[in-house]
Amino acid sequence: MKELNKDFFKDNTERKINNVGINTQPYLLKELCANVSTQDVMFVVKNRVEGRKVLNTLQFLIDREVLFFPEWDSAPYENISPSQSLLHERMKTLFQLISSS
């Protein structure tokens, strides 16, 4: 992957990068994290499976904490609750976010 232009990180404004291939995502994130060491990076994927793939690869590539916030496993108006493991993971991630501030 071509190295990101250093001007991309010149100021602290929010940046959006779209349409990144699944195999490129962890390496792009590694580059982003290396250049914004004092800031948090949020990365959104389209589903839990893609998110887990990126998470697993990223945990080996960078020396920073990586958090995962999975989507709900039920539709908003279904008459069933989300699974306990999913609720636990979401709450754990939210707690870690507020604790590290």
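## Reading the labels on this helical model

Author: Helix α3 is where M91 is found. A helix here is a DSSP run of H or I with at least four residues, a strand is a run of E with at least two, and both are numbered from the N terminus. The model is predicted: local features need pLDDT of at least 70, side-chain atom pairs count only at pLDDT 80 or more, and totals for chains, interfaces and linings use all residues. Residues are numbered from 1 along each chain as its sequence is written, and side-chain values use heavy atoms, without hydrogens or water.

Reader: Why is M91 called exposed?

Author: Check its relative accessible area, which is 57%. Exposed means over 50%, buried means under 20%, and partly exposed lies in between (1.4 Å probe, protein chains only). M91 is over the exposed cut-off, so the label holds. M91 and F69 are 22 residues apart in sequence, yet 8.7 Å apart in space, C-alpha to C-alpha.

Reader: What makes T93 buried?

Author: T93 also has its place in helix α3 (residues 84-99). Its relative accessible area is 5%. That is under 20%, so T93 counts as buried.

Reader: Which residues does T93 contact, leaving aside neighbours within four places in sequence?

Author: L67, F68 and F69. Contact means heavy atoms within 4.5 Å.

Reader: Why is S83 called partly exposed?

Author: S83 has 29% relative accessibility. S83 is in the loop between α2 and α3. S83 and D73 are 10 residues apart in sequence and 7.2 Å apart in space, C-alpha to C-alpha.

Reader: How do you know that N23 is exposed?

Author: N23 reaches 63% relative accessibility. The cut-off is over 50%, so N23 qualifies. N23 belongs to the segment before α1. From N23 to V54 is 31 residues in sequence and 8.2 Å in space, C-alpha to C-alpha.

Reader: What makes up the largest nonpolar core?

Author: It has 7 residues: L28, L29, L32, C33, V54, L58 and I62. A nonpolar core is a set of buried Ala, Val, Leu, Ile, Met, Phe, Trp, Tyr and Cys residues, joined through side-chain atoms within 4.5 Å. The largest share of this core, 4 residues, comes from α1. Not counting residues up to four places away in sequence, L29 touches V41, F43, V54 and L58.

Reader: How many helices and strands does the chain have?

Author: The count is 3 helices and 0 strands. From the N terminus on, the order is α-α-α. Buried residues make up 22% of the 101 residues. Among contacts between residues at least 6 apart in sequence, 52% join residues at least 24 apart.
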